[in-house]
Protein chains: 2
Amino acid sequence: MPANASLEELIEALRGLPSIGPKAAQRMAYHLLQRDRRGADRLARALDSALQNLHHCTHCNNFTEQAICERCLSTRRDPSQLCIVEMPIDLNSMEQTQAYNGLYYVLMGRLSPLDGIGPKELAFGRLITRATDGVVKEVILATNFTNEGEATAHYLSELLHARGIKVSRIARGLPVGGELEFSDAATVAQALRERRDFD
Amino acid sequence: MPANASLEELIEALRGLPSIGPKAAQRMAYHLLQRDRRGADRLARALDSALQNLHHCTHCNNFTEQAICERCLSTRRDPSQLCIVEMPIDLNSMEQTQAYNGLYYVLMGRLSPLDGIGPKELAFGRLITRATDGVVKEVILATNFTNEGEATAHYLSELLHARGIKVSRIARGLPVGGELEFSDAATVAQALRERRDFD
Ligand SMILES: [Zn+2]
Ligand SMILES: [Zn+2]
């Protein structure tokens, strides 16, 4: 094989992207070089700019270009509610509901001992400081209902309860439009356990 | 939504990669920023280096850092055979067979009128010049057996035949270890039509 160091390095670097295998990395490299050199240059510039400009909001831990992000600075949001999500993408899901007007804290992950991600890696200390500022009255745990998301919620609820903070968890149940016939048993059981007064 | 221009630009630039949708682009951006900033920087450098250093071999049209690539310069390859493939990845497949010792020409695509890719975009003129150098005795068409790859092979065979060049096409048929029962009818029919004397 001929020595094309820069081609091989590009393919290797693309393989570092999540869920990109060797074949996909090759296709991407050839596509960029042959069909989209402007796109390749744009991506390089975007990576540089993102690495240089983005950091974590000191209030909510989400990515921002400011010291404190616009959402945290907004006077139109209710600072007494603090919703904890795993990732920015989850925050977007919550915002799309237009059903929540409080503030957020983004963990940037979940407890995952097998991946070496514990309370220290997720900087739970900063979260506790944020939640005990005297303004927050309720912390809403909105981590995912995966094993890791559930473990994270339990761990956090203990930390927060110990400091006398009111903690809630978003509900599990059937999806909107969901039918019992087509729901898995665990979800139906959960919907039964978490039933509410019908008013 | 807060204005995070550099984050939005990174997500947009990642969406430009082939077969990456908006959700995957978001996940990639967050992964790079949160878990792999070194990988993000490596990718930016690799893109820059590849754009700067890689161009097309004047002989085979493959990507190379030299004017003429090492394979084309090799004295151990048979210059009387010229195998035409669509993409570098196809060249790699041919090389892995260790059954071919001639030279290559990489089209960097296939005829695809719907995508605006015609003979001009694929620079068939350069290929004809290459194939009529007086040294090449046989052109082996190894484009894929897709509709577009077949159309490309037919188009090229006419161009080359018109210039008195011997043209062959790699065979279709059952795969090695293939069983009729589990092969689609078109492949079996093709294997029948392309049957060879059994010696
Ligand atoms: Zn913030
Ligand atoms: Zn070459």
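Student: What makes the arrangement of the 4 donor atoms around the zinc ion (ligand 1) tetrahedral?

Tutor: In this predicted model, local features need pLDDT of at least 70 and side-chain atom pairs pLDDT 80 or more, while totals for chains, interfaces and linings use all residues. Residues are numbered from 1 along each chain, chains are lettered from A and ligands numbered from 1 in written order, and side-chain values use heavy atoms, without hydrogens and water. The donors subtend angles of 105 to 119 degrees, and four donors count as tetrahedral if all angles lie between 85 and 135 degrees, so the arrangement is tetrahedral.

Student: Which residues coordinate the zinc ion (ligand 1)?

Tutor: The SG atoms of A:Cys57, A:Cys60, A:Cys69 and A:Cys72 coordinate the zinc ion at 2.3 Å, where a donor is an N, O or S atom within 2.8 Å of the metal (3.2 Å for Na, K and Ca). Their spacing in sequence is C-x2-C-x8-C-x2-C.

Student: Why is A:Cys57 called buried?

Tutor: Buried means under 20% relative accessible area (exposed is over 50%, partly exposed in between, with a 1.4 Å probe and protein chains only), and A:Cys57 has 0%, so A:Cys57 counts as buried. A:Cys60, with 2%, is buried too.

Student: How do helix α3 of chain A and helix α1 of chain B pack?

Tutor: Helix α3 (residues 37-53) of chain A and helix α1 (residues 5-15) of chain B pack at an angle of about 150 degrees, with their axes 8 Å apart. Because angles over 145 degrees count as roughly antiparallel (under 35 roughly parallel, 65 to 115 roughly perpendicular, the rest oblique), α3(A) is roughly antiparallel to α1(B).

Definitions and conventions. Tetrahedral: all angles 85-135°; square planar, octahedral: opposite > 155°, others 65-115°. Axes fitted to C-alpha atoms, helices over the stretch in contact; angles between N-to-C directions. Helix = DSSP H or I, 4+ residues; strand = E, 2+ residues; numbered from the N terminus.
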